Amino acid sequence: MIRAALVFLTAVAVLQPHSAPGRLGVSASEFHLTLSRGSVKAGRVIVQLQNEGEDVHDLRLRRIGGTRTYSLPVTSPGGRTTLSLRLLPGRYRLWCSLANHAQLGMRAVLRVPR
Ligand SMILES: [Cu+2]
């Protein structure tokens with residue numbers, strides 16, 4: 001019985017680091033994107049966009065060299081939206097796609113180490 005419990009606990013301890021998603025916070029304001037961290041581990045990541053500004057903003061992510069663009073919806077001032085996605089190793093561009101916000105500075109790069 002005790003042995004079975006130990007085996008189970010060991011299995012949980014081994015599995016946990018793989019199942020726990022990474023987290024990335026992105027704070028948006030006029031006209032900046034501030035990332036909670038410059039890099040995040042490959043695999044499942046929960047991206048949370050927090051709009052700290054006075055205008056609406058959204059968020060797009062695309063791996064440099066990749067073709068798929070991930071989108072977080074238009075988010076109201078004071079609002080928060082999240083997206084769960086699976087990141088591959090590489091570098092991702094992040095930007096706000098509204099009007100000319102990216103040109104004005106709402107862009108950032110996230111590193112996903114191999
Ligand atoms: Cu914006």
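Two residues are taken to be in contact if their C-beta atoms, placed from the backbone, lie within 7 Å. In that sense L94 touches V26, L33, L59, L61, R107, A108 and L110, with residues up to four places away in sequence left out of the count. The structure is a predicted model, and the points below concern its largest nonpolar core and then two residues, A102 and G105.

**The nonpolar core**
- The largest nonpolar core comprises 18 residues, and V26, L59 and L94 are the ones with the most contacts inside it.
- Two or more residues of this core come from each of the strands β1 (22-29), β3 (43-51), β4 (57-63) and β7 (90-95).

**A102, in helix α2**
- A102 is placed in helix α2, which covers residues 101-104.
- A102 counts as partly exposed because it has 18 C-beta neighbours inside 10 Å, whereas a buried residue would need 20 or more.
- When residues up to four places away in sequence are not counted, A102 touches W95, C96 and R107.
- Although A102 and L59 are 43 residues apart along the chain, their C-alpha atoms are separated by 10.0 Å.

- G105 belongs to the loop that runs between α2 and β8 (107-112).
- G105 also counts as partly exposed, because 14 C-beta neighbours lie inside 10 Å.
- Apart from its neighbours within four places in sequence, G105 is in contact with F31 and H32.
- The C-alpha atoms of G105 and E30 are separated by 8.3 Å, while the two residues are 75 residues apart along the chain.

Conventions:
Residues are numbered from 1 along each chain as its sequence is written. This is a predicted model: local features need pLDDT of at least 70, side-chain atom pairs count only at pLDDT 80 or more; totals for chains, interfaces and linings use all residues. Helices (H or I, at least four residues) and strands (E, at least two) are DSSP runs, numbered from the N terminus. A residue is buried if 20 or more other C-beta atoms lie within 10 Å of its own, exposed if 12 or fewer, and partly exposed in between; C-beta atoms are placed from the backbone. A nonpolar core is a set of buried Ala, Val, Leu, Ile, Met, Phe, Trp, Tyr and Cys residues joined through C-beta atoms within 7 Å.
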